[in-house]
Amino acid sequence: MYRPIYFAAMLSAVALPQAASAAPGQKICTRHSTIVLEPGEKAEVNGAGSSGVELLISGPAGQWIFADFNGLSAPGADDVQVASTKTQTVVRRGQLPQIYAIYSKASRLIEGKQMTAFISGLYLDRRPLANPRIKGSDADKAVWSRVLLGQTAGCDLRWVPGQGLVK
């Protein structure tokens, strides 16, 4: 079961100083993942805590949220698998199709939990973004395919707890 209020509290538990935005086209490393920005996109820390980070990505095609943390609940009966690779599975949430959960297929656990991330056209408290890029359609592949779950090397910027995005 998806619990947005729990995740919002978890991610905002630790206050961060205002972070510098990433330049377009860069690779951004978070705790357990990398995202690749498209031309014209920028990333900024929107919330963080001891278990993960939430980034707000903005660009010409719209805004989207990326969150990297451990222990997202398993897919539910209404969820739809939209992709599966050697390393990860992508699931569109059935009741909230503007949210995609990305599950690692890696056998190793992080702090005893499965490595997970999600992307969304909604804030964690389910409020819609001003100009959402994620709409719950096949076009969303252009976003979720740029999430490299479990990869944290070769990045231009890295999220560091308490410091934001740093080089």
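Which residue stands opposite E54 in β4? That residue is G47. Please bear in mind throughout that this is a predicted model.

Let me place that pair in its context. Strand β3, residues 42–49, runs antiparallel to β4, and seven bridges join the two. On the other partner, strand β5 covers residues 62–70, and its pairing with β4 is likewise antiparallel, over eight bridges. Here G52 has F69 of β5 opposite.

How many of the eight residues of strand β4 are buried? The count is seven, within residues 52–59, and β4 is therefore largely enclosed by the rest of the structure.

I turn now to the nonpolar cores. As a general point, nonpolar side chains in soluble globular proteins tend to be buried together. In this model, the largest nonpolar core comprises 26 residues. Those with the most contacts inside this core are I28, I35, L55, W64, F66, I119 and L165. Among the elements that give two or more residues to the core are β3, β4 and β5, together with β9 (115–120) and α2 (141–144). There is also a second, separate core of eleven residues, including A67, F69, V91 and I99.

Finally, the aromatic residues. A search of the whole structure returns zero aromatic pairs.

Thank you for your attention.

Note on methods
Residues numbered from 1 in each chain as written. Predicted model: local features only at pLDDT ≥ 70, side-chain atom pairs only at ≥ 80, totals over all residues. Heavy atoms only, no water. Phe/Tyr/Trp six-rings, centres within 6.5 Å; stacked < 30°, edge-to-face > 60°. Buried < 20%, exposed > 50% of the residue type's maximum accessible area, 1.4 Å probe, protein only. Helix = DSSP H or I, 4+ residues; strand = E, 2+ residues; numbered from the N terminus. Pairing = 2+ DSSP bridges. Core = buried A, V, L, I, M, F, W, Y, C linked by side-chain atoms within 4.5 Å.
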